[in-house]
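Have the viewer open as you read.

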Amino acid sequence: MQYPDTEKTLKFDANGLIPVIVQDHYSREVLTLAYMNAETLALTIAEGRTVFYSRSRQEIWRKGETSGNVQRVVSITADCDKDALVVDVVKSGPACHTGAESCFFNPVYVSEELKQFTWQGLYELIEGRKTDPKEGSYTTYLFDKGIEKILKKVGEESTEVIIAGAKKDREETIYEISDLAYHVMVLMIELGISVEDITKELEKRHVIDHKVKQERMQ
């Protein structure tokens, strides 16, 4: 097969390898650190799935070949020095051989002050109140009350957003949208809907252009 001329555009190390950071396309979570050589990089591009070079076994390693946890490639990006790659993937199962979603699950240090908010992080926090109920938790209370209570709260918060928006009160609208987003996420977890499910739906329908076209047709 014809390999892309990556050896002229990328900087492989003395062993002919380049480090690869694999990142989840939907959650943006770092999944693993692996290595490729010119051949496995070419195979990755040709097959549309991650193919690494195993340093321990000294052989080509197609991710998911035995486990079924294939990673389909969305994009590959080189860093400024062109001596490292980020591979954006859609995964069909856990990335780690331990069964964890990511290989990076051993916390070393987290700054509570600077810790970045993520929708996935909020989702997991709320989900934890369902799988591991906590006494006195409002979220646990909602799950205990069930779908009717959750739907009622979503309706109430939707109304609050409308009222705040109608008043053109920016700060109040931000506050109410945040409340609504939280309660919608509680509903998602109650119905088994993931952040990835919503992301996929929005990507599939190109929501902005689709809505504009609908409005013009009316």
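The report below goes from the overall layout to the sheet, the hairpin and the helix contacts.

## Overall layout

Please keep in mind that this is a predicted model. The chain contains 8 helices and 6 strands. Starting at the N terminus, the order of elements is α-β-β-α-β-β-β-β-α-α-α-α-α-α.

Of the 218 residues in the chain, 33% are buried. Among contacts with a separation of 6 or more, 47% are between residues 24 or more positions apart.

## The four-stranded sheet

In what order do the strands of the open sheet lie? The order is β2-β1-β6-β5, with 4 strands and mixed pairing. The edges are taken by β2 (30–36) and β5 (71–78); each has a single partner strand, so one side of each is left without a neighbour in the sheet. From one strand to the next, the twist averages 25 degrees.

## The β3-β4 hairpin

Strands β3 and β4 form a hairpin, with 4 residues between them. β4 covers residues 59–62, and its pairing with β3 is antiparallel, over 4 bridges. S54 has E59 in β4 as its bridge partner. In the turn, Q58 has a positive phi of about 55 degrees.

Side chains in a regular strand alternate between the two faces of the sheet. In β3 (residues 51–54), V51 and Y53 point one way, while F52 and S54 point the other way. Are these four residues buried or exposed? All are buried.

## Helix α6 and its contact with α4

Now for the helices. The axes of α4 (residues 138–145) and α6 (residues 170–190) come within 11 Å of each other and cross at roughly 45 degrees. Angles of 65 to 115 degrees would count as roughly perpendicular and those under 35 as roughly parallel; α4 and α6 are therefore oblique to each other. Their crossing is right-handed.

Which residues make this contact? From α4 come Y138, T139, L142 and F143, and from α6 come Y182, H183, V186, I189 and E190. By class, the residues in the contact of α4 with α6 are 6 nonpolar, 2 polar and 1 charged.

## Helix α6 and its contact with α3

Helix α6 also packs with α3 (residues 119–131), at an angle of about 60 degrees and with the axes 10 Å apart. α3 and α6 are therefore oblique to each other, and their crossing is right-handed.

On the α3 side, the residues are W119, L122, Y123, I126, E127 and K130. They meet A181, Y182, M185, V186, M188, I189 and E190 in α6. The contact of α3 with α6 has 10 nonpolar residues, no polar ones and 3 charged ones.

Reading the two contacts together, Y182, V186, I189 and E190 of α6 take part in the contact with α4 and also in the contact with α3.

Key. Residues are numbered from 1 along each chain as its sequence is written. This is a predicted model: local features need pLDDT of at least 70, side-chain atom pairs count only at pLDDT 80 or more; totals for chains, interfaces and linings use all residues. Side-chain values use heavy atoms; hydrogens and water are left out. Two strands pair if DSSP finds at least two bridges between them. Axes are lines fitted to C-alpha atoms, for helices over the stretch in contact, and angles run from 0 to 180 degrees between N-to-C directions. Angles under 35 degrees count as roughly parallel, over 145 as roughly antiparallel, 65 to 115 as roughly perpendicular and the rest as oblique. A crossing is left-handed if the near helix is turned anticlockwise from the far one by less than a right angle, and right-handed if clockwise. Contact means heavy atoms within 4.5 Å. Ala, Val, Leu, Ile, Met, Phe, Trp, Tyr, Cys and Pro count as nonpolar, Asp, Glu, Lys and Arg as charged, and the others, Gly among them, as polar. Buried means under 20% relative accessible area, exposed over 50%, partly exposed in between (1.4 Å probe, protein chains only).
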